[in-house]
Amino acid sequence: MLACRGLTKQYETDRGPVAAVRSVDLDIESGCYAAIVGRSGSGKSSLLGMIGGLSRPTGGRVLIGGTDIWALSEAGAAAFRNARIGFVFQFASLLPNLRALDNVALPARLAGTMSRRAILERALERLADVGLDSHAEAFPFELSSGEQRRVAIARALMNDPALLLGDEPTSDLDEQTEREIMALLRDISRSRGTTLVLVTHNLALAAQAQRIVHIADGVVVP
Ligand SMILES: Nc1ncnc2c1ncn2[C@@H]1O[C@H](COP(=O)(O)OP(=O)(O)O)[C@@H](O)[C@H]1O
Ligand SMILES: [Mg+2]
C-alpha cells in the first residue's frame, strides 16, 4: 500500500545542510495501523510530510498503491492527495468561518465530482461516524477542542482516502480526550480498512498500533 524507497529530506539552512530523513525504506501494508515514534527532531514530521505529498523529498520515492506520488505533475499530485490521502494535523485546522458540516464537505467540493446534495449527505454521514451529527450547524469556536479534532477527522475521511495520516493529531488535548480520539482513529481504520499512519510521542497509545516504526536521527531503527 505504502512504500518509501531511499526517502531523503535535507534542509538547506544558514548553518549548512540538515539531514532530517536519511534514505528511509519503509513498507506499510494495506489496512495496517502504524505508529511512528521517536524523539523530537528525529525526522518524524519531515517523513510524514513527504508521505502525505506535502513536502517534496530531496531524494527517493513514495509509492502509494503503486503510484509514485512525487513523479506526478503539481496538479496531478494535488488531485491525488485530495482523493486518496486524509491528513489530520497537530492543532485545530478547521476554517473558522465555516460550520462543521461545511468544513467536512470541503474536500468533496474541491474534488468537484459530486452533486451538492450528495456532498452534504455524505458530510453528515462522516459527522455521524465521529459522533457529531448533532453539531453539524456549529461553528468551530462553538466546539470543544476534542470536538474540533473529530470534525477534522470527519473532513479527512470525506473522500474515502485509502491512507489516513496524522502528525501528533492529539498532542495538544488532555489525556482522556487524547485516548478517545486515538481510539476513534483506530476504530475508523479498522471498520473502513483505511491504512492509518500516526506520528505520536505517546508510547502507551503507540502500543495499540499493529506496527511501531521507530525513527532516530532520520533513519528507521529496527
Ligand atoms: N523547514 C525546516 N528547515 C530547516 N530545518 C528543518 C525544517 N523542518 C525541520 N527541520 C529540522 O529537521 C530535523 C527533523 O525535524 P522534524 O521532521 O520536524 O522532526 P520531528 O517531527 O521528529 O520532531 C530537525 O533537526 C529540525 O530542526
Ligand atoms: Mg514533528
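Tutor: A polar contact is a pair of N or O atoms within 3.5 Å. Keep that cut-off in mind for this predicted model.

Student: What makes Ser45 a polar contact of ligand 1?

Tutor: A polar side-chain atom of Ser45 is 2.8 Å from an oxygen atom of ligand 1. The limit is 3.5 Å, so the pair counts as a polar contact.

Student: Which backbone atoms lie at such distances from an oxygen atom of ligand 1?

Tutor: For Gly41, a backbone N or O atom lies 2.7 Å from an oxygen atom of the ligand. For Gly43, a polar backbone atom is 3.1 Å from a ligand oxygen atom. Both values fall within 3.5 Å, so these pairs are polar contacts too.

Student: How much of the accessible area of ligand 1 does the protein cover?

Tutor: On its own, ligand 1 has 560 Å² of accessible area, and the protein covers 61% of that.

Student: Which elements give two or more residues to the shell around ligand 1?

Tutor: They are β1 (2–13), β2 (16–28) and α1 (44–51). The most comes from α1, with 3 residues.

Student: How do the residues of that shell divide into nonpolar, polar and charged?

Tutor: The shell has 3 nonpolar, 7 polar and 2 charged residues. Among its members are Tyr11, Val18, Arg39 and Lys44.

Student: Turning to Asn103, why does this residue count as buried?

Tutor: Its relative accessibility is 0%. Buried means under 20%, so Asn103 qualifies.

Student: Where is Asn103, and what is in contact with it?

Tutor: Asn103 sits in helix α3 (residues 100–111). Leaving aside neighbours within four places in sequence, its contacts are Leu94, Leu95, Leu98, Pro140, Val151 and Arg155.

Key: Residues are numbered from 1 along each chain as its sequence is written. Chains are lettered from A and ligands numbered from 1 in the order in which they are written. This is a predicted model: local features need pLDDT of at least 70, side-chain atom pairs count only at pLDDT 80 or more; totals for chains, interfaces and linings use all residues. Side-chain values use heavy atoms; hydrogens and water are left out. A residue is near a molecule or strand if one of its heavy atoms lies within 4 Å of it. A polar contact is a pair of N or O atoms within 3.5 Å; within protein, one must be able to donate a hydrogen and the other to accept it, and residues adjacent in sequence count only if both atoms are side-chain atoms. Accessible areas come from the Shrake-Rupley method with a 1.4 Å probe; for residues, only the protein chains shown count as cover. Helices (H or I, at least four residues) and strands (E, at least two) are DSSP runs, numbered from the N terminus. Ala, Val, Leu, Ile, Met, Phe, Trp, Tyr, Cys and Pro count as nonpolar, Asp, Glu, Lys and Arg as charged, and the others, Gly among them, as polar. Buried means under 20% relative accessible area, exposed over 50%, partly exposed in between (1.4 Å probe, protein chains only). Contact means heavy atoms within 4.5 Å.
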